[in-house]
Amino acid sequence: MAMENQYPRTLEEFEQEFSTEENCRDYLFSIRWPHGFICPKCGNDKYWRVRTVLMECTKCHHQVSVVAGTIFQDTRKPLAMWFRAIWWVTAQKNGASALGLQKILGLGSYQTAWAWLHKLRTAMIRPGRDDLSGCVEVDETYIGGAKAGKKGRGSENKILVAVAVEMKDNRIGRIRLGIVDDASSSSLHGFVQDCVQKGSTIRTDGWSGYKGIESLGYVHEVIKIKGQDLAASELLPNVHLIISLLKRWILGTHQGSVSRKHYGYYLDEFTFRFNRRTSTSRGKLFYRLLENAVCIKPTTYGDLTERSEN
């Protein structure tokens, strides 16, 4: 059986499989090195155990733990508690809150729960993930802000979020979200290049910020019907459905109280959950998040608090 199919299907199975630190370390080892140990320093595949938690390369004698270089590095809490946190987060259909995590784990401080949750959100974006392809609807929307500000693409006190929606057989596939500085060609073209494969068809409205995108290797399809006053949601219904769901999620799950500085984390969580909306097993989401977690560089509390909205 492939490693990616070896995950708990129920809470009972989870509790049985991850009741000890040794079980958690062994599972993390199998995810990090599915084809056997590889020394991160010299690439050698032979090692011996040192003090239970360390592996020492037989060639260069570099020592490494299963959590070194992952989001779990330097944690003072047991892996079993981290596993419970990941299971709980992925089991929440509409999103997780730091207060909820604090209560379910019995953490001593809200700050710890907040940091853990943001660390897990950084792991929700898989390094090297495939770009969107085929036909992709793209638009932008303003989110947040205490004041209403101006209408349209000049809104004040709000965060501008670019949204790309992949269409597969006239159905919504994967999505990508990103904070952009403004609605200029420089910002919007950059967003498209970051998340859409060249050669794809980019479907937008007639906003000038998308002009010239065909010169970057894309087919540009402008949806604009002369003589008809159609709303943006009618011109690009799929991307505007995602925008509506995103705003509803921010308001419903987090009561709209998302810090501007950390908005990117919440966009990552929404993307992770939406792109795996068809998963029939919470255990599979648990496995995927763990799989990403061992590929993400360690993030400190200082890193989290200093991250800008970009």
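**Exercise 1. Determine how the axes of α3 and α5 are placed relative to each other.**

Solution. The axes of α3 and α5 cross at roughly 70° and come within 11 Å; axes are lines fitted to C-alpha atoms, for helices over the stretch in contact, with angles from 0 to 180 degrees between N-to-C directions. Helices here are DSSP runs (H or I, at least four residues) and strands likewise (E, at least two), numbered from the N terminus. The model is predicted: local features need pLDDT of at least 70, side-chain atom pairs count only at pLDDT 80 or more, and totals for chains, interfaces and linings use all residues. Residues are numbered from 1 along each chain as its sequence is written, and side-chain values use heavy atoms, with hydrogens and water left out.

Next, the angle is classified. Angles under 35 degrees count as roughly parallel, over 145 as roughly antiparallel, 65 to 115 as roughly perpendicular and the rest as oblique. Therefore α3 and α5 are roughly perpendicular to each other.

Finally, the residues are listed. From α3, the contact (heavy atoms within 4.5 Å) is made by M81, W82, A85, I86 and V89, and from α5 by W116, L117, K119 and L120. By class, this contact has 8 nonpolar, no polar and 1 charged residues (Ala, Val, Leu, Ile, Met, Phe, Trp, Tyr, Cys and Pro count as nonpolar, Asp, Glu, Lys and Arg as charged, and the others, Gly among them, as polar).

**Exercise 2. Describe the crossing of α5 and α9 in the terms of Exercise 1.**

Solution. The axes of α5 and α9 come within 9 Å and cross at roughly 60°. The two helices are therefore oblique to each other. In this case the crossing is left-handed. H118, R121 and T122 of α5 meet Y265, Y266, D268 and E269 of α9. Sorted by class, the contact has 2 nonpolar, 2 polar and 3 charged residues.

**Exercise 3. Identify the buried residues of α4 and what covers them.**

Solution. Helix α4 spans residues 98-105, and its buried residues are A98, G100, L101, Q102 and L105 (buried means under 20% relative accessible area, exposed over 50%, partly exposed in between, with a 1.4 Å probe and protein chains only). Their cover includes α3 (79-91) and α5 (110-122). After α4 comes G106, whose phi is positive, near 70°.

**Exercise 4. Characterise the largest nonpolar core.**

Solution. A nonpolar core is a set of buried Ala, Val, Leu, Ile, Met, Phe, Trp, Tyr and Cys residues joined through side-chain atoms within 4.5 Å. The largest one has 51 residues, and those with the most contacts inside it are Y27, L28, F72, F83, L101, F286 and L290. Two or more residues each come from α2 (21-32), β2 (54-57), α3, α4, α5, α9 (263-275) and α10 (282-293). The most, 10 residues, come from α3.

One member, L28, is then examined. Leaving aside its neighbours within four places in sequence, L28 is in contact with V66, V67, F72, L79, F83, L290 and V294. A second, separate core of 25 residues includes V161, M167, L235 and Y266.

**Exercise 5. State where Q6 lies and how accessible Q6 is.**

Solution. Q6 is in the segment before α1 (11-17). Because its relative accessibility is 34%, Q6 counts as partly exposed. The C-alpha atoms of Q6 and K284 are separated by 8.8 Å, although these residues are 278 residues apart along the chain.

Technical notes: Left-handed = near helix turned anticlockwise from the far one by under 90°.
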